[in-house]
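Try each task before you read its solution.

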Amino acid sequence: MGRIGRTDLSRLARPRAFFIHTGLVALVGVFALVVPPTIALADGHCPVPLTPGVWIMLALVSIDGVYTALTRRGLYIPGAMPSIAITFGLLLVHGWQVAALWQAVPVLVSGLLRGDSWWRVGYTMGHYVLAFIAADVVLGLFGIEPGPDEARGLSVVDFPVVALAGLAMAAVSQMSGWLARASWRGTSVFTLVRAELRQRVVSHGALIGLSPLIAVVAAEQPWLLPLFVVPLHTLYRSTMVRFDREQESRHDALTGLPNRRLLLERGEEALGRAGGRGGRVALLLLDLHRFHEVNDTLGHVAGDRLLQQVGARLETLVRPGDTVARLGGDEFALLLPGLDMGADRQTAQEVVLGLAHRIVDRLGEPFDLDELTLDVEASVGVAIFPDHASDVLGLLQFADVAMYLAKRSRSGVELYDDSRDVNTRDKLLLLGDLRRALDNHEVELHYQPKIRLADGRVDGCEALVRWRHPTRGQVSPEEFVLLAEQTGLMPRLTRYVVDVALDQVARWHAEGIDVPVAVNISARDIHVPSFADSVAAGLHEHGVSAGALQLEITERVLLEEPQRAAESLDALRRLGVRLSLDDFGTGYSSLVHLRHIPVSEIKIDRSFVARLTMNEEDAAIVCSIVQLAHSLGLRVVAEGVEDEATYQRLRELGCDAAQGWLMSKALPSDEATAWLLRHGAGAHATPAAPTEIHHHRRADVS
């Protein structure tokens with residue numbers, strides 16, 4: 001499929017309404033602002049009465065322009081400009097033309113300081129001019145002619161008219177702003193009105209309420225006008241705080257981009273519009289590769305700067321009205337509403353996939369961090385409404401599935417395909433059943449004994465999880481454990497397994513059986529800061545010593561956030577819990593980490609043990625592992641021992657212990673108890689010889 005650039009995406013929806021609206025407002029407003037004073041000057045009249053109050057007001061609004069430009073950090077806070085109160089008061093004293101001229105001053109000053117474009121400055125001036133004209137019209141309808149004498153004579157009966165004029169001014173100003181923002185985003189005006197009406201009424205109402213008092217003071221005692229600086233400043237600061245809190249609740253603090261909450265809100269709105277008109281909406285989910293290595297190597301400050309640059313690049317690739325959001329970590333999302341009603345499914349998919357490829361290519365260009373140049377890879381998943389999902393959460397889920405598929409296949413970009421989705425309806429139902437099985441204690445543990453090769457004594461047991469589904473029968477551990485890891489249920493499953501295992505250890509101790517039990521834990525468990533505390537609480541609850549519990553980890557734990565894993569493993573070691581490194585030899589980092597992790601035992605993977613007597617290379621590997629482990633003071637356990645020749649060969653190589661079907665399969669708790677008693681695990685029993693263990697094993701499984 002060909003790659004389609006930004007021009008092709010833009011052709012589906014351009015904010016023509018935005019440019020038409022803002023252009024007309026700027027032209028009409030600036031024309032009304034400039035022409036009357038020019039005519040007055042041509043006739044030899046000064047358009048502005050040069051009174052002390054007017055000059056003081058000019059100074060105040062100029063200061064406001066500088067202050068708001070410096071404190072808003074380039075953001076407009078609608079309704080919060082303190083100069084509105086001053087210029088509306090000026091309107092009551094000298095009319096809309098003077099008020100509009102003076103209001104243009106802070107707009108121009110703040111716009112220049114912020115580096116705003118000229119069309120934005122012109123539009124802002126224009127919509128204020130139209131707002132003042134609307135206020136003046138309302139005053140005229142009720143017989144109030146602005147002037148110093150009229151301002152001095154304002155009475156209680158005039159305040160409703162003044163308030164109505166202020167309301168008209170605010171309504172025109174705000175509605176113009178809402179129209180501009182709605183047409184730019186491609187959203188509904190009513191959505192913005194519903195979301196912002198309350199706070200706009202509060203901010204405008206407070207400013208308009210001060211204006212009559214400012215007008216009276218300007219007409220009677222203009223030198224007192226500076227006293228309004230403190231209340232106006234306080235009002236501005238409170239409005240800023242309210243605005244900042246609203247921004248923080250919907251925007252990412254690091255990048256300033258919309259967060260998940262705002263993305264979902266805009267997504268629901270976009271789907272509502274598209275659904276009514278037969279349109280399409282696309283959601284792209286993006287993830288950076290190996291971002292944690294940047295944090296680990298260069299520090300979190302460099303990682304944060306990289307995320308900021310990624311967000312900035314993404315914003316240059318989309319249209320006005322599209323949403324670029326940061327969902328957390330190194331995960332970003334792009335919402336593309338308004339995929340044109342005339343575009344068929346194939347065309348829409350081609351356009352969106354073209355943008356996705358462009359994103360991958362653009363992010364593949366080097367990033368500069370001080371004197372360092374970083375290359376970044378990304379994977380993008382795409383889901384489209386209504387082709388793939390009928391709601392925003394569905395789009396987000398399916399885009400996530402596609403993104404992980406792109407990451408696993410290293411294809412860069414993937415469109416959601418339900419035939420390749422591992423999160424099928426059946427798996428979701430199975431996940432719900434697994435949760436209920438944990439609640440009802442229907443998940444069982446079976447125990448596979450481990451035997452010391454030197455003397456045939458029972459060395460311990462490994463607890464293996466088993467689940468018999470009421471309708472599906474026995475569910476493979478690989479299936480439901482993988483499902484738990486993929487969906488976040490793994491920590492709960494691990495807590496359940498540890499609790500059941502400790503309860504069994506306590507029961508065995510009561511029967512005089514003293515064997516440690518090993519439990520497998522995942523990387524997700526180790527990365528939970530409170531994991532060691534939860535293990536300690538379980539030991540205390542069941543009255544079991546820490547030495548009776550062994551936790552088996554895989555090399556994956558050491559690869560994902562090794563610093564956090566090391567802290568958690570150290571906490572477990574200090575607790576007295578023994579740690580074992582499972583599936584040793586199947587990864588590539590063991591030798592690097594072995595000297596720095598607090599394990600007391602390594603387990604040789606069954607893939608080496610199974611060919612031990614048939615393949616000299618495997619025998620050499622096992623021999624090397626045993627020698628390496630012993631040189632580091634570690635014990636070695638071999639998994640998957642299924643014949644006596646392998647058993648004897650492991651003894652010759654110096655392996656410490658073994659487990660496998662030669663000795664026993666994994667047994668339910670009652671059968672495991674009987675097996676342990678028969679094979680010398682009781683407090684007063686005599687250990688069985690290895691040949692006796694083999695004989696009993698054949699009887700056990702026959």
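**Exercise 1.** Find the bridge partner of Gly328 in β3.

Solution. Gly328 is bridged to Glu331 of β3. Now widen the view to the strands. Strands are DSSP runs of E with at least two residues, and helices are runs of H or I with at least four, numbered from the N terminus. Five bridges join β2 to β3 (residues 331–339), and the two run antiparallel. Two strands pair if DSSP finds at least two bridges between them.

This is a predicted model, where local features need pLDDT of at least 70, side-chain atom pairs count only at pLDDT 80 or more, and totals for chains, interfaces and linings use all residues. Residues are numbered from 1 along each chain as its sequence is written, and side-chain values use heavy atoms, without hydrogens and water.

**Exercise 2.** Give the strand order of the open sheet, then explain its edges.

Solution. The order is β2-β3-β1-β6-β7, with mixed pairing. β2 (323–328) and β7 (413–415) each have a single partner strand, so one side of each lacks a neighbour in the sheet. From one strand to the next, the twist averages 20°.

**Exercise 3.** Locate the cis peptide bond.

Solution. The bond joins Phe385 and Pro386, with omega about 0°. Pro386 sits in the loop between β6 and α15.

**Exercise 4.** Decide whether His441 is buried or exposed.

Solution. Start with its place: the loop between α16 (425–439) and β8 (443–452). His441 has 57% relative accessibility, so it counts as exposed. The cut-offs are under 20% relative accessible area for buried, over 50% for exposed and partly exposed in between (1.4 Å probe, protein chains only).

Conventions:
Axes fitted to C-alpha atoms, helices over the stretch in contact; angles between N-to-C directions.
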